[in-house]
Amino acid sequence: TVTDVRTAATVSYNGNVARTTGLWVVIDLEWTAAREPRPLPLAALLLETPDGRRFGGLPALFVTCTYGQPGLVHSCHLPLEVTPDALAGSRLLVPAGTNVDAPDDVAVIDLGVDAARAEAMAAAAGTIAVPQTAVRGVK
């Protein structure tokens, strides 16, 4: 589940800082492993625009997500470097396996960013301190 979408010119994590001439989008997620312990492969998650462009892969900051346990809700935070025009109508692609092009299920999550919100988000300045992953509770 996507709980928030934020933007900034700079992101920081564990004392490391990354700046961009584009825009950092930080997608806050909550997730629960279905049947067995497994990681959420953040490098495999992609932001896809309505015209088919994809942003993601290994980010400038290596952010990890806790190894998920069935029945426990985990929070994770995914920083993606994008162009400002990538926000409106964008969606998050979350593969069941290791990448979105594998012949497996892919969850497609609308990020809820319309044109007006995208315009405001594109003007974002400042820094987002990407939080550590945490266990949020029991599902």
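## Salt bridges

Let's start with Arg 6: this residue is partly exposed, with a relative accessible area of 25% (buried means under 20%, exposed over 50%, and partly exposed in between, using a 1.4 Å probe and protein chains only). What you are looking at is a predicted model, where local features need pLDDT of at least 70 and side-chain atom pairs count only at pLDDT 80 or more, while totals for chains, interfaces and linings use all residues. Residues are numbered from 1 along each chain as its sequence is written, and side-chain values use heavy atoms, with hydrogens and water left out.

Back to Arg 6: its side chain meets that of Asp 4 in a salt bridge, at 4.0 Å from N to O. The term stands for a side-chain nitrogen of Lys or Arg within 4 Å of a carboxyl oxygen of Asp or Glu, and by this rule the count comes to six. Asp 4 is partly exposed too, at 32%. Another pair is Asp 51 and Arg 53, whose side chains form a salt bridge at 3.2 Å, N to O. Asp 51 counts as exposed at 56%, whereas Arg 53 is partly exposed at 29%. There is also a network: salt bridges that share partners join Asp 4, Arg 6 and Asp 28.

The side chains of Glu 48 and Arg 91 meet at 2.5 Å, N to O, in a salt bridge. Since Glu 48 sits in strand β3 and Arg 91 in strand β6, this pair ties together parts that are 43 residues apart in sequence. Helices (H or I, at least four residues) and strands (E, at least two) are DSSP runs, numbered from the N terminus. Glu 48 is buried, at 8% relative accessibility, but Arg 91 is partly exposed, at 34%.

## The four-stranded sheet

Those two strands belong to an open sheet of four, in the order β4-β3-β6-β7, with antiparallel pairing (two strands pair if DSSP finds at least two bridges between them). β4 and β7 are the edges with a single partner strand each, so one side of each has no neighbour in the sheet. On average, neighbouring strands here are turned by 30° against each other, direction ignored. For angles, axes are lines fitted to C-alpha atoms, for helices over the stretch in contact, and values run from 0 to 180 degrees between N-to-C directions.

β6 and β7 pair over five bridges in the antiparallel sense, and Leu 92 has Ile 109 of β7 as its bridge partner. In β7 (residues 106–110) you will also find Ala 107. This alanine counts as partly exposed, at 37%. Leaving aside neighbours within four places in sequence, Ala 107 is in contact (heavy atoms within 4.5 Å) with Leu 92, Leu 93 and Val 94.

A second open sheet has five strands in the order β8-β1-β2-β5-β9, and its pairing is mixed. At its edges are β8 (127–129) and β9 (134–138), each pairing on one side only. Neighbouring strands of this sheet are turned by 40° against each other on average, direction ignored.

Nine bridges join the antiparallel strands β2 (residues 16–31) and β5 (residues 72–82).

## The nonpolar core

In soluble globular proteins, nonpolar side chains tend to be buried together. Here the largest nonpolar core has 35 residues, and Ile 27, Leu 40 and Val 82 have the most contacts inside it. Such a core is a set of buried Ala, Val, Leu, Ile, Met, Phe, Trp, Tyr and Cys residues joined through side-chain atoms within 4.5 Å. β1, β2, β5, β6 (91–95) and α1 each give two or more residues to this core. Its largest share, eight residues, comes from β2.

## The disulfide

How many disulfides does a search of the whole structure find? It finds one, joining Cys 65 to Cys 76 with 1.6 Å from S to S (the rule asks for a pair of cysteine sulfur atoms within 2.5 Å). Cys 65 lies in the loop between β4 (54–56) and β5, and Cys 76 in strand β5, so the pair ties together parts 11 residues apart in sequence. Both are buried: Cys 65 at 13% and Cys 76 at 0%.
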